[in-house]
Amino acid sequence: MTLNPHFPNYIKASEQELLESLVIEYIQVHGQEIYYLPTRRQNFNSIYHDDDLKYYDKAYPIEMYIRSVSGFGGDQVFASKFDIEIRDQVVMSIARRRFELEIGSKENIPAPREDDLIYFPMNGKLFMIMFSDNKPFFHQMGTLQMFDITCEVFEYSSERFSTGISTIDAFERRNTQDVLEYAMVDRDGNYIM
């Protein structure tokens, strides 16, 4: 049995747009509103491929669908001989067209990036994008309708937050290890060492 030649699904733009609209509607009905925080870099080190002065100054609200609804996946709590690490993972899906409209066109990024953050208001946690599956092998109807992103709970390491959303910006104040935050100052505002 061969495929029906009267329904060429992989070349019909109207069918692809219909499926994409249905995916967007499904995510808007069954998803959660989150905030996407793109990473800003100040002192990028090309050897270590890292930046010790990352900051986040924008938070874009957008809807995402949580694919791992049974709870966190990943290694859960991982105990090594040095310490205990929490490696909870969550997989989320975001509609490609909505991402391009709400975030990609404003930030000039084509897809979600690793090291960007996701703020989940339902539990008040920040998640770091560890993997963004923006080039899967198989596409429904010949196009990509959504991005799947794998996130882990964010571990704070002196990043700066100035998004204008108080619950996100308070994350820095709660977790700071900057000694100057607790230093005494004189009348002129100079730190007393």
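Arg113 is partly exposed, with a relative accessible area of 30%; this label covers values between buried (under 20%) and exposed (over 50%), computed with a 1.4 Å probe on protein chains only. The model is predicted, so local features need pLDDT of at least 70 and side-chain atom pairs count only at pLDDT 80 or more, while totals for chains, interfaces and linings use all residues. Residues are numbered from 1 along each chain as its sequence is written, and side-chain values use heavy atoms, with hydrogens and water left out.

**Salt bridges**

Arg113 meets Asp116 in a salt bridge, that is, a side-chain nitrogen of Lys or Arg within 4 Å of a carboxyl oxygen of Asp or Glu. Asp116 is buried, at 1% relative accessibility. Salt bridges with shared partners also link Glu20, Arg96, Arg97 and Glu100 into one network. The structure holds nine salt bridges, including those in the table.

| Pair | N to O distance |
|---|---|
| Asp116 and Arg113 | 3.1 Å |
| Arg40 and Asp57 | 2.9 Å |
| Glu102 and Arg98 | 3.1 Å |

Arg40 and Asp57 form a salt bridge. Arg40 lies in the loop between strands E1 (32-37) and E2 (44-45), and Asp57 in the loop between strand E4 (55-56) and E5, so the pair ties together parts that are 17 residues apart in sequence. Helices (H or I, at least four residues) and strands (E, at least two) are DSSP runs, numbered from the N terminus. Arg40 is buried at 17%, whereas Asp57 is partly exposed at 25%.

Glu102 and Arg98 both belong to helix H2 (residues 96-107), four residues apart, or about one turn of the helix. Arg98 is buried at 16%, and Glu102 is partly exposed at 21%.

**Around Glu63**

Arg98 also takes part in a polar contact with the side chain of Glu63, at 2.6 Å. A polar contact is a pair of N or O atoms within 3.5 Å; within protein, one must be able to donate a hydrogen and the other to accept it, and residues adjacent in sequence count only if both atoms are side-chain atoms. The side chain of Glu63 makes another such contact with that of Gln28, at 3.5 Å. Glu63 sits in strand E5 (residues 60-66) and is buried at 14%.

**Paired strands**

Strands E8 (residues 117-120) and E9 (residues 125-133) pair in the antiparallel sense over four bridges; pairing requires at least two DSSP bridges. Ile118 has Phe127 in E9 as its bridge partner. E8 and E9 form a hairpin with four residues between them, and Gly124 in the turn has a positive phi of about 70 degrees.
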